[in-house]
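Colleague: Can you walk me through this model? Keep it quick, please.
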Amino acid sequence: MLVTRVEPAVAHEVLVDRPGGTYDAEARLLVWRPAAPRGFALAVVSAGTSDGPVAAEAAAVAGALGAHGGPARRRRRGRAARLLAERPRLAAADVVVCIAGMEGALPSVVGGLVGCPVIAVPTSVGYGASLAGVTPLLAMLSSCAAG
């Protein structure tokens, strides 16, 4: 069982009432009886630290469902070299989850680097014309990158 978007105080109360679960504070996720690992490799990458909570949630949910991928990796904007350094890990994944706000460019870049499916997750963080997540959503929907 998974419960998402749980604040720490609420998680504490729930675990007192229903012991046996675990709480991931960064992902804000409560889990009881996680699935056994399934040999499915998942990579989670985000554009920056402000996307971190969403990336952590995606990685933790995937882990609770049996997908292996380790912690979410965050890449700072403007550092393509850092993303290219991660290419072997991304290429080895069965699927890559990309979390990005602002202009939502990361999934298009990753889609051009890997041959597996890419799941693009827009976030509402950002400034300027990100329009509370609408800009990254439209960019991701309009991408023509493979994957």
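**Chat about the model**

Colleague: What share of the 147 residues counts as buried?
Modeller: Of the 147 residues of the chain, 37% are buried. Buried means under 20% relative accessible area, exposed over 50%, and partly exposed in between, with a 1.4 Å probe and protein chains only.

Colleague: What should I know about the source?
Modeller: This is a predicted model, so local features need pLDDT of at least 70, side-chain atom pairs count only at pLDDT 80 or more, and totals for chains, interfaces and linings use all residues. Residues are numbered from 1 along each chain as its sequence is written, and side-chain values use heavy atoms, with hydrogens and water left out.

Colleague: How many helices and strands does the chain have?
Modeller: Six helices and eight strands. These are DSSP runs numbered from the N terminus: helices are H or I with at least four residues, strands are E with at least two.

Colleague: What pattern does the chain follow along the sequence?
Modeller: β-α-β-β-β-α-β-β-α-α-β-α-β-α.

Colleague: And the contacts, what percentage join residues at least 24 apart?
Modeller: 60%, among contacts between residues at least 6 apart in sequence. Contact means heavy atoms within 4.5 Å.

Colleague: Which residues of helix 2 are buried?
Modeller: Gly52, Ala55, Ala56, Glu57, Ala59, Ala60, Ala62 and Ala64. Just after helix 2, Gly66 takes a positive phi of about 100°.

Colleague: Glu57 is in that list. What does its side chain meet in a salt bridge?
Modeller: Arg5, at 2.8 Å, N to O. Glu57 is in helix 2, while Arg5 is in the loop between strand 1 (2-3) and helix 1 (8-17), 52 residues apart. The pair links distant parts of the chain. A salt bridge is a side-chain nitrogen of Lys or Arg within 4 Å of a carboxyl oxygen of Asp or Glu.

Colleague: How accessible are the two partners?
Modeller: Glu57 is buried at 13% relative accessible area. Arg5 is partly exposed at 49%.

Colleague: How many salt bridges does the count come to?
Modeller: Three. Another one joins Arg28 and Glu7, with the closest N and O atoms 3.0 Å apart. Arg28 lies in the loop between strand 2 (22-24) and strand 3 (29-31) and Glu7 in the loop between strand 1 and helix 1, so the pair ties together parts 21 residues apart in sequence. Arg28 is partly exposed at 25%, and Glu7 is partly exposed at 40%. Glu86 also bridges to Arg89 at 2.8 Å, closest N to O. Both Glu86 and Arg89 are buried.

Colleague: Back to backbone angles. What phi does Arg28 have?
Modeller: A positive phi of about 55°, although Arg28 is not a glycine. Arg33 has a positive phi of about 50° and is not a glycine either. Arg33 is found in the loop between strand 3 and strand 4 (40-46). Arg33 is exposed, with 79% relative accessible area.

Colleague: Which residues is Ala93 in contact with, leaving aside neighbours within four places?
Modeller: Ala41, Leu42, Ala43 and Cys116. Ala93 sits in the loop between helix 4 (87-91) and strand 7 (95-100). At 8% relative accessibility, Ala93 counts as buried.

Colleague: Last topic, the surface. Which residues form a nonpolar patch?
Modeller: Val134, Leu137, Leu138 and Leu141, with about 370 Å² of accessible area together. Patches take residues with over 30% relative accessible area and no salt bridge; like charges are joined within 9 Å, nonpolar side chains (Val, Leu, Ile, Met, Phe, Trp, Tyr) within 5 Å. Leu141 is in helix 6 (residues 134-142) and is exposed at 64%.

Terms used
Accessible areas come from the Shrake-Rupley method with a 1.4 Å probe; for residues, only the protein chains shown count as cover.
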